[in-house]
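Opening my notebook on a new structure today.

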Amino acid sequence: MNSALLKLEGIGKDFDVSRPWLNRVIERAPRQLLHAVVGVSFEVRKGETLALVGESGCGKSTLARLIVGLHAPTRGRIEFDGIEISNPEAHVETARLRRRMQMIFQDPYASLNPRWRVHDIVAEPVRVLGLAKDEAEITARVAELLRQVGLAAEDGEKYPHEFSGGQRQRISIARALSGRPDFLVCDEPTSALDVSVQAQILNLMSELQAQLGLTYLFISHNLAVVSHVADRIGVMYLGRVVEIAASQELLARPRHPYTRMLLDAVPDLEMSGRQRTPVAGEVPNPLAPPSGCAFHPRCPHANARCSSESPKLVWRGETASACHAVEENRI
Amino acid sequence: MNLQRIWNHDLAYSFRRSPVTIAAAALTLICMGGALFAPWIAPYNPFDASSLDLNAAFSPPTWSAQGSPNYLLGTDDQGRDVLSTILYGARISLGVGLASVLFAMVLGVSLGLLSGYFGGTLDAFIMRVADVQLSFPAILIALLVDGVARVALPSDSHDEIAIPVLILSIGVSGWVQYARTVRGSTLVEKGKEYVQAARVIGRPALAIMLRHVLPNVTGPVLVIATIHIATAIITEATLSFLGVGVPPTRPSLGTLIRIGNEYLLSGEWWITLFPGIALVTLVLSVNLLGDWLRDALNPKLR
Amino acid sequence: MTSGAILEVKDLRVEFPSRHGTLVAVNGVSFSIAPGEVLGVVGESGAGKSLTGTAIIGLLEPPGRVAAGEIRLEGERIDNLQHEQMRRIRGRRIGAIFQDPLTSLNPLYTVGDQLVETIRTHLEVDAAAARNRALELLRDVGIPAPNARIDHYPHQFSGGMRQRVVIALALCAEPRLVIADEPTTALDVSIQAQIIQLLKRLAHDRGTAVMLITHDMGVIAETADRVAVMYAGRIAEIGPVREVIRAARHPYTVGLMGSIPKLGVGAGKHRARLVQIEGAMPRLNAMPAGCAFHPRCEKCFDRCKQERPEPRRVGTNLTACWLYDEQRTAQA
């Protein structure tokens, strides 16, 4: 088994979404905290693709941003290659390690600066990290990267608006790779793309991973996409990880009731005519999560314990799930 | 970028299709040209006190009965040629207008960027200052700054520094609209993923603000500035009209209008009318240009 | 094309005159929808499917215009009507559901107010009867406790509930045709399933014809009876949903189905690569001659580059591809 490249322990992130001070004083409203991520612990092993799946409000995007340092965690610890990077005091050390991670974003139209030429966009990490001696070397590197992602070296002279969504995502990938990272966090990289373009990008990302020995954390709401790219899949619900397992295991034998519901909700393109159990309810408001297990109001297997006690993530071999019913072998 | 591409660019196309805009641009160019080349094309130098001939005071324009061929548009109460004074005065009006807009723009854009990017207490502070300032009319602010300057600085240097103080006061009275607009745009751009990407790459906040955000928020600033030039010119004219703007020895269009105002009802109409027409023409054409620019740059209308 | 069809579209052509020339966004599209049938119109971005829907409802923004073709609603032509006549038809005989439930509802009015207003605009009923009808509709679309919720504002509903309200709004004047443009794209996947079931049930129960526009083949598989696959403003293939999905003929449809990731046995990275169609859909101002798909098609031959194929019957589907030309298959 490969060593862990990224390790999260007890990560939590709260956002203060209280009304302005004046309103609170006048209306006597309490402070409101949004618990976007609650008690998340897992590791990403070198060379693998770990996917995080969940619907809106599950905290997967927030978690991605916590990992790359766009937000600071409220509690918990993040380790990269064995060294802690969540310590707000250790700037220099953290910055050095953070250079080995990069991020690819969801919206191909907003993730490239519309006023910069593609060449400058892709060259930015090279320049900032001081990886090249002079302009000529930078130009050569940019050309190499553009070719690697399936574009032409001449495309560097153009502006982002001259490219389609899929091509822009390729440019984003080129930018992410230019700093020679080991670890890429991909936040819904293909959700905004047409299905045939998605296929091109997923194939490209797969090839690049094999060529460059990259490790991916792949975030998506689409289980079908994730089943194609991931070695292991983690399922999130309302800020908590409810299940982690190897892809084949998760899809064949889902444990947590929410995973089962998600799988059931994936449209049946094989047209096997399988009867789908209708999905119950909607994701609750993250500001007012249910007591105990966050999923219990929608769960067909909930009992008294589920409404009072929040389940912990329990490992059995390579699979983990946070469910009382699973733990008690009820389902 | 060759000439062909510029001609075919969307902005140029929209410009070519609007006769009003072309006329406005032409008029602005004429006004600016006149102001710029005043020392060479004006028949007289109205600021040179020694060249003034008091006997020629109150001459009406050339085409009227007692007009003199020397003074095309007549003279004012001190014998200054109205045409020359318009040209030189326009120089001051335009110079003060452009300089104060530049000052307001730099001040407003910087504060707006800082406010929008950092948020929090800094944002709250800057915006509250802006809000307080907005509750005062711009003229009052300008008067205030001007008054403070007069008190603070020695009285014999008033005339030399009158114009910089004027630029300062009009600039200070006008920064808020830039700050607010830029702050709004900065808030929008800050949430976009290319800014987050730059943060992930590890660029410091200042670099992100200047190199990433600033180029994307300047669009509306240009439009505001164009229209603000017109407002600044009017503000300067108003202040000069009130007597607290440019010194009387170097009259601007506003001063001329004030001088002429006193004689309007006694029959010397040309002293107010021609500077007035010049001012209106200048301000109107700059306004129309600004209108066109705003519509042409609006992505939703394209 | 049956005469009992609620919607009949023949050779529809939508153009956008611009200073760079005329852009043809929908180029000769024909289909029909029978009562109670759900026709899925699927395609990627730029295929022209949304514009087709907009043209049918009559909400094309100038300079876009219907340049040719006919649109018939229950036998009557509606593409050449005056503004006012079209306005009366819209809402009463044609209902519309758009993608974003947040902006489809006016945030300043309660849900009940909006329903009642629409009902009274199109039906001759008094306020009390309209309110009863609104309550009935809310119940029909599955809003719990409709008596209380009818007086709530849109922001008090969750995304899925809002979309149900939008569906109620589209149905309240008992339209014969409903055009739904990406009704589930902005919703979570577990809610999507609920909404598409609802649409299907309502269509079948009321005999309403539904035109479901989406880029999501999964939604089509679950909801539609027939599906039309659009590419570059034209229909590539149209037929019963099972046939198009499982036994696609047109090379584009085949490629599209192959590129969609599917859950299944043997998950994980070491599965076969997704089928990828090289290139991208052509832009409107750079449309290839002949068949619009030919530059990306592996099976392209000479005729494809010169002549545009019309949809012709191949088994149960209509396919616009020279591979299935009778003369050619006769020679083979």
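Predicted model: local features only at pLDDT ≥ 70, side-chain atom pairs only at ≥ 80, totals over all residues.

I began with helix α11 of chain B, residues 253-264, and looked at how α11(B) packs on α12(B): the angle is about 145° and the axes are 7 Å apart. I noted the crossing of α11(B) and α12(B) as left-handed. On the α11(B) side I found B:Leu253, B:Leu256, B:Ile257 and B:Ile259 among the contact residues, and on the α12(B) side I found B:Ile271, B:Pro275 and B:Leu279 among them. Sorted by class, the contact of α11(B) with α12(B) has 10 nonpolar, four polar and no charged residues.

Next I checked α12(B), residues 270-297, against helix α3 of chain B, residues 19-36. Here I got an angle of about 135° and axes 8 Å apart. I therefore wrote down α3(B) and α12(B) as oblique to each other. Their crossing is left-handed. From α3(B), B:Val20, B:Ala24 and B:Leu27 are among the residues making the contact, and α12(B) brings residues including B:Leu282, B:Val286 and B:Trp292.

Then I moved to chain A. Its domain assignment gives domain 1 as 1-20 + 32-100 + 182-271 and domain 2 as 110-180. How far apart do the C-alpha centres of the two domains lie? I got 25 Å. Nine residues of domain 1 are in contact with eight of domain 2. On the domain 1 side, helix α7 of chain A (residues 195-212) gives the largest share, four residues. By class, I have that side down as seven nonpolar, one polar and one charged.

Notes
Residues numbered from 1 in each chain as written. Chains lettered and ligands numbered in written order. Axes fitted to C-alpha atoms, helices over the stretch in contact; angles between N-to-C directions. Helix = DSSP H or I, 4+ residues; strand = E, 2+ residues; numbered from the N terminus. Parallel < 35°, antiparallel > 145°, perpendicular 65-115°, else oblique. Left-handed = near helix turned anticlockwise from the far one by under 90°. Contact = placed C-beta atoms within 7 Å. Nonpolar A, V, L, I, M, F, W, Y, C, P; charged D, E, K, R; others polar. Domains from an automatic or database assignment.
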